Amino acid sequence: MPQIPEKVHELTVGQLSARSGAAVSALHFYESKGLISSRRTSGNQRRYSRDVLRRVAFVRAAQRVGIPLATIRDALAELPEERTPTREDWARLSETWRSELDERITQLNRLRNHLTDCIGCGCLSLETCVLSNPDDISGERLTGSRLLPERRKQQRTAPAPATGTASCETC
């Protein structure tokens with residue numbers, strides 16, 4: 001990691017990128033979203049105060065756990081302007097984000113379980129469903145979510161032949 005002398009109080013975008021590990025384009029994006037700020041030199045070059053390094057680290061850590069940028073921006077807005085987030089700031093904010101993350105985990109588990117349960121019904125347009133549609137018998141006639149309405153139409157006109165296929169009533 002490149003070292004920056006202590007006497008240097010401002011960083012160029014390249015120095016900030018090298019020290020933080022964030023791409024220059026990401027830093028520009030963070031700035032456009034109000035997550036970090038810079039001042040402009042007379043030559044219109046960006047200069048970042050050293051404390052922006054910790055703000056970038058804070059943003060990237062929050063992003064890694066799935067916190068949306070708007071939520072991160074709101075959290076940083078609670079801090080006094082230009083103050084570096086501290087360990088206590090992270091602890092307080094991560095505690096408020098915990099329930100949001102728990103809910104997201106619950107939703108993802110529900111999605112995963114539903115996907116696993118529903119994969120054999122044909123509604124996902126699988127080429128071959130070894131669970132309830134061996135050799136893709138129904139897939140040769142039609143695909144995807146049209147399978148269930150087709151089966152209902154068949155049931156109204158005549159009993160459906162036993163083909164070894166099944167449909168998911170919840171899909």
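Visitor: In what order do the strands of the open sheet stand, and with which pairing sense?

Guide: This is a predicted model, in which local features need pLDDT of at least 70 and side-chain atom pairs count only at pLDDT 80 or more, while totals for chains, interfaces and linings use all residues. Residues are numbered from 1 along each chain as its sequence is written, and side-chain values use heavy atoms, with hydrogens and water left out. Helices (H or I, at least four residues) and strands (E, at least two) are DSSP runs numbered from the N terminus, and two strands pair if DSSP finds at least two bridges between them. On that basis the open sheet of 3 strands is antiparallel, with the order S1-S3-S2.

Visitor: Why is one side of S1 and of S2 left without a neighbour in the sheet?

Guide: Strand S1 (residues 10-11) pairs with strand S3 (residues 46-49) over 2 bridges in the antiparallel sense, and Glu-10 stands opposite Ser-49. Strand S2 (residues 39-40) likewise pairs with S3 over 2 antiparallel bridges, with Arg-40 opposite Arg-46. S1 and S2 therefore each have a single partner strand, which leaves one side of each without a neighbour, because both stand at the edges.

Visitor: Which residue takes a positive phi in the hairpin of S2 and S3?

Guide: The hairpin has 5 residues between its strands. The positive phi, near 65°, belongs to one residue of that hairpin, Asn-44.

Visitor: What pattern do the helices and strands follow along the sequence?

Guide: The secondary structure comes to 6 helices and 3 strands. Read along the sequence, these elements give the pattern β-α-α-β-β-α-α-α-α.

Visitor: Which residues does Ile-72 touch, not counting residues up to four places away in sequence?

Guide: Contact means heavy atoms within 4.5 Å. With residues up to four places away in sequence not counted, Ile-72 touches Leu-35, Phe-58, Val-59, Ala-62, Gln-63 and Ile-67.

Visitor: Against which elements do the buried residues of H2 pack?

Guide: The buried residues of H2 are Leu-27, Tyr-30 and Glu-31. They fall within an arc of 100° seen down the axis, so they line one face of the helix, the arc being that of the directions from the helix axis to the C-beta atoms. The face turned away from this buried side carries the exposed residues Ser-25 and Ser-32. The buried residues of H2 pack against H1, S3, H3 and H4.

Visitor: Is His-9 buried or exposed?

Guide: His-9 lies in the segment before S1, and, leaving aside neighbours within four places in sequence, His-9 is in contact with Tyr-48, Ser-49 and Arg-50. At a relative accessibility of 57%, His-9 counts as exposed.

Visitor: Which arrangement do the rings of Trp-90 and Trp-97 have?

Guide: Rings of Phe, Tyr and Trp (its six-membered ring) pair if their centres lie within 6.5 Å, and planes under 30 degrees apart count as stacked, over 60 as edge-to-face and the rest as tilted. Ring pairs link Phe-58, Trp-90 and Trp-97 into a cluster, in which Trp-90 is partly exposed at 28% relative accessibility and Trp-97 is buried at 5%. The structure holds 3 aromatic pairs. The ring centres of Trp-90 and Trp-97 are 5.8 Å apart and their planes stand at 80°, so this pair is edge-to-face.

Methods:
Buried means under 20% relative accessible area, exposed over 50%, partly exposed in between (1.4 Å probe, protein chains only).
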